[in-house]
Amino acid sequence: MPKQSDINALSKKQVIDIFMGRFDFLENGQKIKPVDYDNGYPFREQFYRSLVNKSERQIAAYWSRLLFSGRAKPPTQVASVEVSIDELSNDTSMITYVPVNLVSEEMNIVLVLE
């Protein structure tokens, strides 16, 4: 999350709900917009394995079902960490994931996945 965000921590369940399209607003009413990476991006598979124990293929199938039913919209996808950081700097409601070694000073870490 951007450093200027009021959110300092999120539970793993909250992050799952955000990235799996279960809600667009946090309990405090704040709008939240997840930013994901294009299929095949180097650490995308690792993120979803750590978050929900699913492969990229399983995540794609999940979103296909939800899109077909009209129940949810997948996270915005970007091509690189640099693009996601740029997106974050322009909108305090956005959330993304990056490897710890790529976290910058303008980011606010809300959850670390092992």
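**Ground rules**

I am working with a predicted model, in which local features need pLDDT of at least 70 and side-chain atom pairs count only at pLDDT 80 or more, while totals for chains, interfaces and linings use all residues. Residues are numbered from 1 along each chain as its sequence is written, and side-chain values use heavy atoms, with hydrogens and water left out.

**Aromatic residues**

I went on to the rings and found that the structure holds eleven aromatic pairs. I note that Y41 and F43 have ring centres 5.3 Å apart and planes at 80°, so this pair is edge-to-face; the criterion is that rings of Phe, Tyr and Trp (its six-membered ring) pair if their centres lie within 6.5 Å, with planes under 30 degrees apart counted as stacked, over 60 as edge-to-face and the rest as tilted. Both Y41 and F43 are buried. Y62 and W63 also form an edge-to-face pair, with 5.3 Å from centre to centre and 80° between the planes. W63 is buried, with a relative accessible area of 6%.

I then listed the aromatic cluster that Y41 and F43 belong to, and its members are F19, Y37, Y41, F43, F47, Y48 and Y97. I also checked for a charge over a ring, and K31 lies over the face of F25, at 5.1 Å from the ring centre; this requires NZ of Lys or CZ of Arg within 6 Å of the ring centre and within 35 degrees of the ring normal.

**Largest pocket**

Which residues lie nearest the centre of the largest pocket? I found Y97, V98, P99, L111 and L113 there, among a lining of 23 residues, and the space in this pocket comes to about 540 Å³. For the search, a 1 Å grid is laid over the protein atoms alone, and a pocket is an open set of points where a 1.4 Å probe fits, with protein on both sides within 12 Å along at least five of seven lines; lining residues have an atom within 4 Å of a point. Grid points are joined across faces, edges and corners, and the volume is the space filled by probe spheres set on the points.

I see that α1 (12-19) and α2 (44-52) each supply at least two residues of this lining, and α2 gives the most, with three residues. Helices (H or I, at least four residues) and strands (E, at least two) are DSSP runs, numbered from the N terminus. By class, the lining of the largest pocket has 18 nonpolar, four polar and one charged residues, where Ala, Val, Leu, Ile, Met, Phe, Trp, Tyr, Cys and Pro count as nonpolar, Asp, Glu, Lys and Arg as charged, and the others, Gly among them, as polar.

The C-alpha atoms of Y97 and P34 are separated by 9.0 Å, although the two residues are 63 apart along the chain.

**Second largest pocket**

I next read off the second largest pocket, which has a volume of about 230 Å³ and a lining of 16 residues, with D24, K33, P34, K73 and P74 nearest its centre. The elements that give two or more residues to this lining are α1 and β1 (33-37). By class, the lining of the second largest pocket has nine nonpolar, two polar and five charged residues.

**Single residues**

Where does N108 lie? I placed N108 in the segment after β3 (94-95), and N108 is buried, with a relative accessible area of 12%. A polar atom of the N108 side chain lies 2.4 Å from the backbone oxygen of I7.

M107 lies in the segment after β3 as well, and at 8% relative accessibility M107 counts as buried. The C-alpha atoms of M107 and A72, 35 residues apart along the chain, are separated by 27 Å.

I looked at V81 in helix α4 (residues 81-90), and at 4% relative accessibility V81 counts as buried. V81 and V103 are 22 residues apart in sequence and 9.8 Å apart in space, C-alpha to C-alpha.

My last entry is N53, in the loop between α2 and α3 (56-69), where phi is near 55°, a positive value in a residue other than glycine. At 56% relative accessibility, N53 counts as exposed.

Definitions and conventions. Buried < 20%, exposed > 50% of the residue type's maximum accessible area, 1.4 Å probe, protein only. Polar contact = N/O pair within 3.5 Å; in protein donor to acceptor, adjacent residues only side chain to side chain.
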